Amino acid sequence: MIVFFPTPYPDELLYSTIGRLKKWSGEANQRNMLQHIFGDKHITASVDLPSKIGGLVERLPITTQITVEQLIMKHTLFPFYSAFLPPGQADAVYRSMAEGSGNDIYSRIGIMGSSVRPNKYIRYCTECLSHDIKTYGEGYWHRMHQVPGLDVCVEHGIELLNSTINLHGENKYKFIAADESNSPLDCIAKRTSSDEMEKYHHLSNNIKLLLDNNYPKKTFDWFEQYYWNKLKELGYCSAIGHKVDQDSLCRDFISYFGESFLKRLQSGIYTKNNWLKQLTRKHQRTFHPIRHLLFLQFINSDIDEIFFHSESYKPFGDGPWICMNPAANHYGRLVVNKIDLTLKDKKSIGTFHCSCGFVYTLRAGEDAEKSIKVKRFGMIWEKECKRLAEAGMILDEIGRRLNANKRTVKKYIDKEEGREEEERQLEEEKQRTEDRLEWKAMQKKYPYLSRTELRKLNPTLFNRLYRSDRFWLEKESPSKVRKRVASKPRVNWESRDRELVEKIKKAVVDIQSKEGKPKQISIRSIGLAIGNRTLLDKFLDKLPLTKACLKLVVENNEQYRWRRLKWAIEELKQEGRKFSKWEVLRKAGTRPETVDSSIIETMINSEDPVI
């Protein structure tokens, strides 16, 4: 157990406190000292991120109020280095400092590959050391003075000096207290110019905030999103997406700090793929805290804001937003739910879309009542404009009511009239297209009809086309008489001839046996009976058997007349009474002069009146 352990001074490194303990104890053997304090004689004497702190606290007197968290958070550079680490990574570093051997601390903290190199010597400020000796009777090493890159004591405006204690080699395992032997007070320190001191003050204040406060740990995405949002506000990043104007950013960054200042902080912008470009792109790794703080200073942000900011970029706040359409019944109310963001002249511009069709733009930070620019008025506004004009209202009064100038009102009134004419023309064109398609369809359906015949099928369609599209109608119509194209099928006339003979025989029998007054057996009646009169009228030359058959069966007028007389006599006999020849002639429909009356008498008296 450690019988006595010094109380750490304000902003004193744990390294410095152990160095003072060693000096007071008079222990000459360094390894014995380490074993006594940490329980491990192989502990490295780390200035910024020591390890085995939990072992040290376990060996302190029972009455001590010192805790592991107090030593790590108030007397090491852990709060500075871990501020911009993700939670898991920061916790791993904390555990390594509290319980581990310290072998993985620098790799976990992510500074081993940084171009901001760690200090080779412990640094001090002559004014601070002199003040500490006068105040406490001894000097000590300050945390602020060991931050890599910060080479000025802001409190006194002078550069920090290197002590004689090299942190490598033989001093690797030694805890050495600050005194005038290793930190001479008679060395002259340069004063820093007032221009640079202003930048140093801002940077130093932020470093002090990190050292004195345990800010919540955030993911890489958190800082990435914050930087993009700030760049959007400043006009370096597109409002939609994350495209950064790297050339302008680097140029303005160097102009703001100056190359000499950035060089002193080991943060110059020299290469094409420099740290600033990487910091403002998607984060893939850790960046040295000094560079985060430089960038925060450039974008005029502070430590509290970056750790407690809103994650989204909202230059116009949360919606809904006001509708600026005077013609809408919701004018002046928060009903706009859609906004598009763009960037122009490094200013965010919002384009607000209302459901009423009214669209307007506004620059971030400007008064909506005075600075909006209308992109589209919408149908509701335009209809109201037209209504007021038709009511006889003058242009100036319409403009006053609808928040528009006289020329704009006149433009939309003329536009409305032009729109009506355009709609009429579009409707006519639509009708004309439909009519053309219908006319073409009719021609396709009836390919052999002439224009006149097609016209009769749909006179309304024809008249419309004739009035509005006459030139096209003339061009796309068939000629007045369109010849049919006769088909030329291959016909087996011999087979057809035989088939027709059989059909004719059957037709003759059907005609003769048909009840009622007899019909003459003619080529016409036979053609109708077989359903193919055309063949008998036009193609008998190709049908010799059919032609011969017809000669045998077709009746002349006399044969037909006597067949009627026979039918009349049979019909009258069936009535069972006597009848005269005149009744026979009348029933048969035959004139007396066309037949021999004696033959009729014979047929009446005969049992079988066959001619």
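This is a short walk through the structure, one selection at a time.

Before you click anything, know that the model is predicted, so local features are taken only where pLDDT is at least 70 and side-chain atom pairs only at pLDDT 80 or more, while totals for chains, interfaces and linings use all residues. Residues are numbered from 1 along each chain as its sequence is written, and side-chain values use heavy atoms, with hydrogens and water left out. Helix and strand names follow DSSP runs numbered from the N terminus (helices are H or I with at least four residues, strands are E with at least two).

**Stop 1: H10 and H14**

Select residues 220-234 for helix H10 and residues 289-298 for helix H14. Their axes sit 11 Å apart and the helices pack at an angle of about 25 degrees. Axes here are lines fitted to C-alpha atoms, for helices over the stretch in contact, and angles run from 0 to 180 degrees between N-to-C directions. H10 and H14 are therefore roughly parallel to each other. That label goes to angles under 35 degrees; over 145 is roughly antiparallel, 65 to 115 roughly perpendicular, and the rest oblique. The crossing of H10 and H14 is left-handed, meaning that the near helix is turned anticlockwise from the far one by less than a right angle, with clockwise giving right-handed.

Now show side chains. Tyr226, Tyr227 and Leu231 of H10 make the contact with His292, Phe295 and Leu296 of H14. Contact means heavy atoms within 4.5 Å. Sorted by class, this contact has five nonpolar residues, one polar and no charged ones. For the classes, Ala, Val, Leu, Ile, Met, Phe, Trp, Tyr, Cys and Pro count as nonpolar, Asp, Glu, Lys and Arg as charged, and the others, Gly among them, as polar.

**Stop 2**

A salt bridge is a side-chain nitrogen of Lys or Arg within 4 Å of a carboxyl oxygen of Asp or Glu.

Are these two buried or exposed? Lys230 counts as buried at 11% relative accessibility, while Glu305, at 30%, counts as partly exposed. The cut-offs are under 20% relative accessible area for buried, over 50% for exposed, and partly exposed in between (1.4 Å probe, protein chains only).

How many salt bridges does a search of the whole structure find? It finds 29.

**Stop 3: the end of H9**

Next, select Asp212 and Lys208. They form a salt bridge whose closest N and O atoms are 2.8 Å apart. Both residues lie in helix H9 (residues 194-212), four residues apart, about one turn of the helix. Asp212 is partly exposed, with a relative accessible area of 31%, and Lys208 is partly exposed too, at 45%.

**Stop 4: Thr192**

Thr192 counts as buried, at 11% relative accessibility. Which residues touch Thr192, leaving aside its neighbours within four places in sequence? They are Val152, Gly157, Glu159, Met197, Tyr200 and Arg264.

**Stop 5**

Jump to helix H17 (residues 378-390), where Glu384 and Arg387 both lie, three residues apart, about one turn of the helix. The side chains of Glu384 and Arg387 meet in a salt bridge (2.8 Å, N to O). Glu384 is partly exposed at 21% relative accessible area, as is Arg387 at 45%.

Bring in H18: the axes of H17 and H18 come within 10 Å and cross at roughly 150 degrees. This crossing is right-handed. On the H17 side the contact is made by Trp381, Glu384, Cys385, Leu388 and Ala389, and on the H18 side by Ile398, Arg401 and Leu402. By class, that contact has six nonpolar, no polar and two charged residues.

**Stop 5: two loop residues with positive phi**

Most residues other than glycine have a negative phi. Asn403 has a positive phi, near 55 degrees, and is found in the loop between helix H18 (395-402) and helix H19 (406-445). Then try Lys52, whose phi is near 60 degrees. Lys52 lies in the loop between helix H2 (30-38) and helix H3 (53-58) and counts as partly exposed, at 23% relative accessibility.
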